[in-house]
Amino acid sequence: MGEPEHTQKRARSAQGETDSKMEHDREHEVEERVRLFTDLEWDLAGHSTLGPHSVNYHHPRPGNKGSVFFMPNRSFLGEGALHNALQSVKALGLKKALLVTDKMLVKSGAVKTLTDVLDKASIKYSIFHWCDPIPSCAQVESGLKLVQQEGCEFIISFGCHAPHNCAKAIGIAFTNGGSIRDYAGADKSRKPMLPLVAVNTAAGTGAEMDRFCTIKDEHTGQNLDMVDWRLMPALAVNDPTLTVGMPPRLTAATGMDALTHAIEAYVSTASTPVTDASALHAIRLISTYLPEAVEDGTNAKARDMMAHAEFLAAMAFNSAGLGYVHAMSHQIGPAFSLAHGMCNAILLGPVQEYNAKYVPALFIDIAHAMGFVEVGQDSGRAVKAVLECIRTLKDKVGIPKNFQALNANPADFLRLAEAAMKDACASTNPHQPTKDEVCQIFHKAYNLDGVTQSFQ
Ligand SMILES: [Fe+2]
């Protein structure tokens, strides 16, 4: 039996109310969702970190190519890292190493720290210490011969930059065959290199973990630049106890190099949220701990934080690339025999002042990482704070104030500017300068204000 009509009406009406309520709720939900997404978008656009990254990261990219993040197999960090790494080597059953280092580290006794640990672990080694600051092809050939003669199963590099480069070149040429000249360029190898344990003795270059290698061709006088993911060491070691003996001048120069890596990687056109996270924390640690590490090399915390900061900065540039500070420093450094980190420290302010005209918003997070939270979301204030921080940090750690103080010759700047524009690091700078602009940056770095330093 059916229900009375009024009951059915009431039911229909109730059903209608329910439907209309549901419809209303649905509309409300949709509106709410739109509002939430709009808010979220607004947040992303308005937030200093995520805004410039929202869809196309810092910079628009062509196509759907995604990104690649490069890391060594394993990385050992902190006090005890060296011991732990060599225990790992032992566990892998590797028994004989070619130990690649340089004369200074043998002479200073620094290598003994490593050989003592190797002796204790019963790992055999042959020492190869013929490494120029930019190792030559002939040195790589000599290292290759030694690997064959001594039957080495793996390589240990020990030093700041040159030994890692030399070891990478020996390792890749040994397994892939031919001459090291065959591997200049991008990803030319076809086989993994000999296992490499890269032990860092400074806190700066990142060569102990990156995929880059530069060798000098003594026949042509040109550098052979290699970018190859197979050049990354199997084990990267950053034990801060190995950096305690570094003199203030080297601590300052390598630390400013690491800061340059982090800032250039952060503003790079190839940066990603992954590399940004590494870059920003590196900036935070370096601006806090570098002055302490320079002032007191035995400050264990400052050394430990700088070892981590250097690694973080290398994590950033290994995948995001660098910019015009390195492109220019690669020219002026060798031209006047100036240390890489020192050139970077002097160029960092002038190059970022140029970049800030094109990507001012990116300086907000850099300013925050340096501790200037009061700049809020004001990019103008952020740029000023970052440039001031770079200048005061450079003065505080004792970097010479400008290229004039280092006897560079401005007559060479046009030639150096031309060369800088061809450097591989130039391509990921956030804006491409003209030759005149590169020249102007060199002149600005030549006349830069600052404190005259006691050590150069
Ligand atoms: Fe560098």
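**A parallel sheet and a helix pair**

Let me begin with the sheet: six strands make up an open sheet, ordered β1-β9-β6-β4-β2-β3, and the pairing is parallel. At its edges stand β1 (74-77) and β3 (124-128), each with a single partner strand, so one side of each has no neighbour in the sheet. On average, neighbouring strands of this sheet are turned by 20 degrees against each other, direction ignored.

Before going on, some ground rules. This is a predicted model, in which local features need pLDDT of at least 70 and side-chain atom pairs count only at pLDDT 80 or more, while totals for chains, interfaces and linings use all residues. Residues are numbered from 1 along each chain as its sequence is written, and side-chain values use heavy atoms, with hydrogens and water left out. Helices (H or I, at least four residues) and strands (E, at least two) are DSSP runs, numbered from the N terminus. Two strands pair if DSSP finds at least two bridges between them.

Now to strand β4, residues 154-159. How many of its residues are buried? Six of six, where buried means under 20% relative accessible area, exposed over 50%, and partly exposed in between, with a 1.4 Å probe and protein chains only. F154, I156 and F158 point one way from β4, whereas I155, S157 and G159 point the other way.

β4 has parallel pairings with β2 and with β6. Four bridges join β4 to β2 (residues 96-100), and here L99 is opposite I156. With β6 (residues 196-200) there are five bridges, and S157 is opposite A198.

β2 also runs parallel to β3, joined by five bridges, with K96 opposite K124. Helix α5 (residues 137-150) lies across β2 and β3, at about 155 degrees to β3. Such angles run from 0 to 180 degrees between N-to-C directions, and axes are lines fitted to C-alpha atoms, for helices over the stretch in contact.

Last, a helix pair. Helix α14 (residues 413-422) packs with α15 (residues 435-446) at about 120 degrees, with their axes 9 Å apart. The two are therefore oblique to each other; under 35 degrees counts as roughly parallel, over 145 as roughly antiparallel, 65 to 115 as roughly perpendicular, and the rest as oblique.

Which residues of α14 meet α15? Among them are F413, L414 and M421, and on the α15 side the list includes V438, F442 and Y446. Contact means heavy atoms within 4.5 Å.
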